[in-house]
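Take a look at the chain below. This briefing walks through it topic by topic.

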Amino acid sequence: MKISGTLLALLVLSGVTLAQEELTDADKQLIQAIENAGGQAMPLAKNDARLSVAFHLSDKEIADDTLAVVQDAANIYSLNLRGTKVTDAGLEHLAGLKGLAKLHLEKTAVTDAGLAHLSGLPALEYLNVYETKVTDAGLAHLNNLKSLRKLYVWQTTVSEAGE
């Protein structure tokens with residue numbers, strides 16, 4: 001069966017429309033606020049309104065106060081802050097993201113103190129702290145994260161004993 005380019009485009013666009021229809025007004029407002037702050041946000045799939053949020057490719061400076069826009073957002077699944085100016089203080093805004101499963105903090109100014117703000121994230125499965133100032137002591141803040149399956153610590157001072 002051959003599908004024309006026009007028909008294929010319509011099918012793809014209708015999938016995007018379906019995803020948008022499932023978003024609540026609060027979700028749409030959150031997406032707009034994230035975009036206004038310099039990030040991008042989109043639903044994971046047409047039948048999954050949880051959000052994937054990225055600030056790592058922003059043309060704006062993304063710093064600690066930028067993260068106030070996502071504070072307590074229950075439906076954020078992934079958050080990419082790679083290479084931003086986020087520090088330990090900014091991670092305080094993430095403490096209420098109970099649905100957060102994936103967090104990219106690589107190449108930020110995050111240290112051990114910042115990881116303490118992540119200790120209450122029950123859904124966190126993936127954490128990347130590549131090229132940060134995280135040490136063995138900081139990993140102790142993650143001990144209660146039963147869902148954590150992948151932790152990337154390359155180019156940190158975390159030792160094999162600390163992993």
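The points below go from the whole chain to single residues.

This is a predicted model, in which local features need pLDDT of at least 70 and side-chain atom pairs count only at pLDDT 80 or more, while totals for chains, interfaces and linings use all residues. Residues are numbered from 1 along each chain as its sequence is written, and side-chain values use heavy atoms, with hydrogens and water left out.

**Overall build**

- The chain has five helices and six strands. Helices (H or I, at least four residues) and strands (E, at least two) are DSSP runs, numbered from the N terminus.
- From the N terminus on, the order is α-α-β-β-β-α-β-α-β-α-β.
- The chain has 163 residues, and 42% of them count as buried. Buried means under 20% relative accessible area, exposed means over 50%, and partly exposed lies in between (1.4 Å probe, protein chains only).
- Take the contacts in the chain with a separation of 6 or more: residues 24 or more positions apart account for 50% of them. Contact means heavy atoms within 4.5 Å.

**The β1–β2 hairpin**

- Strand β1 (residues 40-45) pairs with β2 in the antiparallel sense, over five bridges. Two strands pair if DSSP finds at least two bridges between them.
- The two strands, β1 and β2, form a hairpin with two residues between them.
- Pro43 stands opposite Leu51 in β2.

**The nonpolar core**

- The largest nonpolar core has 36 residues. Such a core is a set of buried Ala, Val, Leu, Ile, Met, Phe, Trp, Tyr and Cys residues joined through side-chain atoms within 4.5 Å.
- Leu94, Leu103 and Leu127 have the most contacts inside this core.
- The elements that give two or more residues to this core are α2 (25-36), β2 and β3. The largest share, three residues, comes from α2.
- Leaving aside neighbours within four places in sequence, Leu127 touches several leucines, including Leu103, Leu105 and Leu115. Lys150 and Tyr152 are also among the contacts of Leu127.

**Aromatic pairs**

- The whole structure holds two aromatic pairs. Rings of Phe, Tyr and Trp (its six-membered ring) pair if their centres lie within 6.5 Å; planes under 30 degrees apart count as stacked, over 60 as edge-to-face and the rest as tilted.
- Tyr126 and Tyr152 have ring centres 5.3 Å apart and planes at 50°, so this pair is tilted.
- This pair links distant parts of the chain: Tyr126 is in strand β5 and Tyr152 in strand β6 (residues 150-152), 26 residues apart.
- Tyr126 is buried, at 16% relative accessible area, and Tyr152 is partly exposed, at 37%.
- Tyr130 and Trp154 form a stacked pair, 5.0 Å centre to centre with 10° between the planes.
- Tyr130 lies in the loop between β5 and α5 and Trp154 in the segment after β6, so the pair ties together parts 24 residues apart in sequence.
- Tyr130 is buried at 14% relative accessibility, whereas Trp154 is exposed at 57%.

**Positive phi angles**

- Asp72 is not a glycine, yet has a positive phi of about 65°. Asp72 lies in the loop between β2 (48-54) and β3 (76-80) and is exposed, at 52% relative accessibility.
- Glu131 has a positive phi near 55°, again in a residue other than glycine. Glu131 sits in the loop between β5 (126-128) and α5 (136-139) and is partly exposed, at 36%.
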